[in-house]
Amino acid sequence: MKLDRFYPIFDHPDWLRLALPLGVQLVQLRVKDRTEAETRAMIVEAQALCRAAGAVLVVNDHWQLAIDAGCDWLHLGQEDLDTADLAAIRRAGLRLGLSTHDEAELDRALSHAPDYVALGPVWPTILKKMKWHEQGLDRVREWKARIGQIPLVAIGGLSVDRAPLALDAGADVVSVVTDITLNPEPEARIRAWMEATR
């Protein structure tokens with residue numbers, strides 16, 4: 001399955017109501033600090049919105065809720081790999097994306113036959129405090145050479161101007177959070193992203 005090159009990450013289905021009518025085809029729902037009931041409802045809602053729009057929804061972290069909601073894709077960070085039931089995830093037919101930041105994490109990710117590998121932060125990011133410094137475009141090239149046909153997602157510090165640089169370096173997909181969610185005109189920013197990744 002070929003993934004769209006533009007992969008925004010949002011924390012609420014309301015963002016999907018904005019993005020999907022603009023033609024966004026691949027989106028991640030990353031829900032933090034909500035009750036299980038709230039998270040479940042948001043995943044179900046996001047899945048319905050994406051199905052109606054013909055878009056791909058990737059659920060971050062909440063693997064059991066993603067299975068329960070009949071979702072198709074799941075994204076796990078390295079710490080989530082410690083507790084997730086990967087056999088149950090695969091039995092449910094979910095495709096799996098995994099975060100990586102260094103060689104050991106990449107080796108670990110590849111041992112699970114992921115459907116995509118994410119590398120970050122490519123540039124400095126304000127989203128969360130990380131022990132890794134910016135990876136840079138050389139690391140993008142190196143990762144793509146290592147993983148071959150597996151789609152590579154570049155994340156961290158991405159902007160409309162930087163997106164083509166990451167794609168030229170070998171990323172198959174560019175992912176973004178705050179460049180849209182903190183933008184005073186998010187709809188216009190989404191359109192600019194779509195233009196930059198076409």
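A residue is called buried when its relative accessible area is under 20%, exposed when over 50%, and partly exposed in between, using a 1.4 Å probe and protein chains only. This is a predicted model, in which local features need pLDDT of at least 70, side-chain atom pairs count only at pLDDT 80 or more, and totals for chains, interfaces and linings use all residues. Residues are numbered from 1 along each chain as its sequence is written, and side-chain values use heavy atoms, with hydrogens and water left out.

Is D80 buried or exposed? D80 is buried, at 16% relative accessible area. D80 sits in helix 4. Helices (H or I, at least four residues) and strands (E, at least two) are DSSP runs, numbered from the N terminus.

Now centre on D61. Its place is the loop between strand 3 (56–60) and helix 3 (63–68). D61 is buried too, with a relative accessible area of 17%. Contact means heavy atoms within 4.5 Å. Setting aside neighbours within four places in sequence, D61 touches K32, L74, H75, L76, G77 and D80.

**Stop two: two cysteines**

A disulfide is a covalent bond between the sulfur atoms of two cysteines. Here the rule is a pair of cysteine sulfur atoms within 2.5 Å. By that rule, the count of disulfides is zero. C50 is buried, with 0% relative accessible area. C71 counts as buried as well, at 4%.

**Stop three: helix 6**

Select residues 103–110, which form helix 6. Which of its residues are buried? They are E105, L106 and A109. Look down the axis of helix 6: these buried residues fall within an arc of 100 degrees, so they line one face. The arc is that of the directions from the helix axis to the C-beta atoms.

Next, show what covers them. The cover includes helix 4 (78–81), strand 5 (95–100), strand 6 (116–119) and helix 7 (136–147).

Finish at D102. D102 caps the N-terminal end of helix 6, with a side-chain oxygen 3.3 Å from the backbone nitrogen of A104.

Key:
Polar contact = N/O pair within 3.5 Å; in protein donor to acceptor, adjacent residues only side chain to side chain.
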